[in-house]
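Please open the structure in your viewer and keep the selection tool at hand.

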Amino acid sequence: MEIFLRRFRLLLFLVVVGIMAGCSGPDGSIDQNDGGSTENNVSDQDQNEGTDEDDSGETVYVELPPIAVREGDGLPFELPPNLVWLTNNEDPEFASPDAIRGGMYRTWMLSFPLTLRLVGPDSNGAFAGVVRANQFGPVSYHPQTGNPIPVLATHWAFGEDGRSIFYRLNPEARWSDGVPVTADDFVFAVQFLRSEQIVGPWYNNYYTERIRDVKKYDTHIYGVQGADAKPQEEMHYYYGIGPRPKHFHRMSDNWVTEYNWKPDPTTGPYHIGKIEKGKYVDLERTKDWWADDLRYMRNRFNPETIRYRVIRDENSAWQHFLKGEIDTFDLTIPEYWHDKAQHEVFEKGYVGKYWFYNQLPLGSTGIYLNTADPLLSDKNIRLGIAHSINFQRVIDTILRGDYERLETFQLGFGPYDNKSIQPRKFDLKKASEYFEAAGFDSRDNTGIRTRTNDNGSKTRLSFRVTYGNPLHTPRLVVIQEEAKKAGLELQLHMLDSATSFKQMLEKKHQMAWMGWASSGVAPRYWEHFHSDNANVTQTNNITNHANPAMDELIMQFRASADRGERISLAHQLEQIVHESAVVIPRTKVPFTRQGAWRWLELPEWLGTRHSTALFNSQPSSQMYSGGGLFWINEEKKREILQAKREDRPMAKLVVVDETYRN
Amino acid sequence: MLDPQTIKQWKRFKSIKRGYWSFVILMVLLGLSLVAELFVNSRALIVSFEGKWHFPTYAGVIPGETFGLDYDYETNYRELKQQFKDANEGNWVLMPLVPYNAFENDLRTDRFPPYPPSLETQHYLGTDSTGRDIVARLMYGFRIAMGFALVLLVCSYAAGILVGCAMGYWGGAFDLLFQRLIEIWNTIPFLYVIMIVASVVVPSFWTLVTVMVIFGWTAMTWNMRTSTYKEKAREYVDAARALGAGHSRVIGVHILPNTISVIVTFIPFSIASGVASLTALDFLGFGLPPPTPSWGELLSQGTNNLESGWIVGSVVLAIVAVLLMVTYIGEAIREAFDPKKFTYYE
């Protein structure tokens, strides 16, 4: 048994690493790279090992070539004279002036990062997200108003071609090693990310195809040109690339190995400090951080140190939390919020429970029907299935009524959301009508609907549901039992997460139970619904949906730089997705829930509209700069620990904040 | 007729009370589990509706419309029973002892699963975290686990005995070759193979049996090889050969019956290990696909919901009881077949 467990743990670790790699797309972009990049990473690593062996010890450093510009692309050689420089110092501050600086915030991670590099093989683990959050871009978005706010740049201006943007840097901006941030670092970023030495094909491609040119005009002024015109409101998100420390990187074929454990200096509040490999990583606050007094940065990032401890099992992390060795714990999962968080540290008021509704892009979770399947190509059957799936029962029972039904495929993008769509509900009568229209008008002796074909053979209404998360089995068994009532048989097909995702990308599934992470400023349709991606493997169009009318709208949507037009197109597209019934949207979690020891304090308003978590120690989450609002009250810590020792109860704290509930 | 030796062994076995009673109980349980539908089932045993009797247990699905209900999916007999009772029109329903099957989610709106044991709802051991009855899960899980262990036993013994006998009987180069082959085969880590298989395809009952037989048959070969070597040197084998018996007859009719005690003593332990491995695989999530009732799956639910002690309590007790009984049986068989009891030197 022990061997079983030990091996299991190894596998679990691999799976978890896999999941993490799958979850965090670099710089918050595009899921599409996830499937591919894992594979690439593996082969790249092999190549890299090869070069290590050939290496005779002598490292040859190279200069990166200047940025190649294609014909038709390119920024002007001189800074355009008629630029209108914009900035934003009017939006409200969202951090509390009561914040106290200092202390150590203790949190945990499942595994030690495989590397501290930010690009290259193995660099896409969960911890990389933490470090990336401390690498600022020129501009970020205000977590309440959604407007751009200055970060490394003080001003920005848009070029006439609709796809160029110019930034003027804050001369105070410094890397954590004290070196000033200049326009050279931005030019270097593109050279660096296009270079072969980083062994990052995804970056190579993205910074060649999407970012077409970068030019330095002055020590503190530079411009970026992207591939397509974008609405100005969204341009920073697409083309506001971050800098890379030019003074820090010496490029060679050995770069990947040489920089494995050499963390980049950061521009954000924290940089990597003490490390004990396999045990913990400390993020330390940069001394005299250059942005300390900026309007949107002051009173934030209060802990002096953030310790990420490696705890290889969630249950044992929970025990550490109950003992007070970890400061916060995520309580989003209903079992945690309702059952596990009834522990005496909650009841006696030492730990508070926070339930905070937010407004972020919601994951596109659902059941995706593969229209390449002969039965599922029939729209009546798809509609019948949609009315046979009882999500509401799952929500009301297994999920304790906490989650909500997701109405549309993509949701949470503000004005882009099509709020007029109502999801199809569990309705046996409607299901029966649709199934009968498809010829499934009798039931066999197991109660499953059958259709008599022209040649006299019988077809049963039975489908495989492929999924990769064992935690979802309870939800699926309820759905499976309910679907039987409609005469629909669902066979649960659970594979490990990587294999199930691969099957879906290869379009070998019938019904896929999965979810796409969403982020960014606008929904995405091309990768999921364009016919270019249908019926070919390794694309995100896992429904094989192909509709010429929709293709046209998708291309218009992609090409348009007019926000109003894009919004109206998105509404039409979402309507088509709904009518095609290829996706049955599942559930949404429009909130964040955490438990926190009471010595962690929050502003009166707890968080912002776009807070991914209330106790978020990192500057940005998704694209908004809203993290780091909490602080540690050492005096209160002593009090609480004293009370705990004496077993003296305090007032219980359960906060449910619905300010941003839709 | 049984030969006197066998009768002696059976008597000896019977006299070992612990093993004998374990055997009886286990056989009864196994027998009951084969007709579990009659005791643990959501379908009624008998429905008397408007003077006509229905026996839904082993029949196909009877839609609710048959009994004047307004739906065409399978009748909910528990509700039907209540309705008949309330209406009091002479219709009645006879439900099994535990009126739940292993798959249905008995979810209530006022509480969240898992529900604790209750006589009132007839969840005698409570429910798991999706509201499925634990007695039903245990009963049907037991049937599957025992079935698995028995099929595994027959298949891997057949292969093991065949190869083992052949190795012992022919010896020489053949023996040497197979010994090395088996040694090499044994170094393949079978758990990894199962994990790989489980990650690529959804393992079914028969894929699991196949994989486990492929990697499990070797265990029996060594014992059979040794016993065959021993028996082969005896005079009766020479005599049979001299009378013109062929190899297969010598092995099958003469040698095998004389090695039977070796085989029989191993059987209970193989069953125990078969049940344990299926449970372990299910526990780790590499076993039979959900929603198959399984002890391992129940055990992993139990360890994740330690607050709901009835889950882990029931399944641990069940596992311990079955493995204990099997071990007692094994012990008794070993005693019964111990040749020392029958020597003349006593």
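Helices, of at least four residues, and strands, of at least two, are DSSP runs numbered from the N terminus. The model on display is a predicted one.

Begin by selecting chain B, in which 12 helices and 3 strands are present. Along its principal axes, the C-alpha atoms of chain B fill a box of roughly 85 × 45 × 35 Å. The radius of gyration of chain B is 26 Å, whereas a compact globule of 346 residues would have one near 20 Å. Of the 346 residues in chain B, 38% are buried. Among contacts in chain B between residues at least 6 apart in sequence, 64% join residues at least 24 apart.

Next, display both chains and turn to where they meet. Here 25 residues of chain B are in contact with 30 residues of chain A. Select α6 (190-200) and α10 (247-284) of chain B: each supplies at least two residues of the side that touches chain A. The most comes from α6(B), which gives 4 residues. By class, this side of chain B comprises 15 nonpolar, 7 polar and 3 charged residues.

Finally, select helix α4 (residues 183-194) and helix α5 (residues 201-209) of chain A. How do these two helices of chain A pack, and at what angle? Their axes lie 7 Å apart, at an angle of about 130 degrees, which means that α4(A) is oblique to α5(A). Show the side chains: Val190(A), Leu193(A) and Arg194(A) in α4(A) meet Tyr203(A), Asn204(A), Tyr207(A) and Thr208(A) in α5(A). The residues of this contact divide into 4 nonpolar, 2 polar and 1 charged.

Methods. Residues are numbered from 1 along each chain as its sequence is written. Chains are lettered from A and ligands numbered from 1 in the order in which they are written. This is a predicted model: local features need pLDDT of at least 70, side-chain atom pairs count only at pLDDT 80 or more; totals for chains, interfaces and linings use all residues. The radius of gyration is taken over C-alpha atoms; the globule rule is 2.2 Å times the number of residues to the power 0.38. A residue is buried if 20 or more other C-beta atoms lie within 10 Å of its own, exposed if 12 or fewer, and partly exposed in between; C-beta atoms are placed from the backbone. Two residues are in contact if their C-beta atoms, placed from the backbone, lie within 7 Å. Axes are lines fitted to C-alpha atoms, for helices over the stretch in contact, and angles run from 0 to 180 degrees between N-to-C directions. Angles under 35 degrees count as roughly parallel, over 145 as roughly antiparallel, 65 to 115 as roughly perpendicular and the rest as oblique. Ala, Val, Leu, Ile, Met, Phe, Trp, Tyr, Cys and Pro count as nonpolar, Asp, Glu, Lys and Arg as charged, and the others, Gly among them, as polar.
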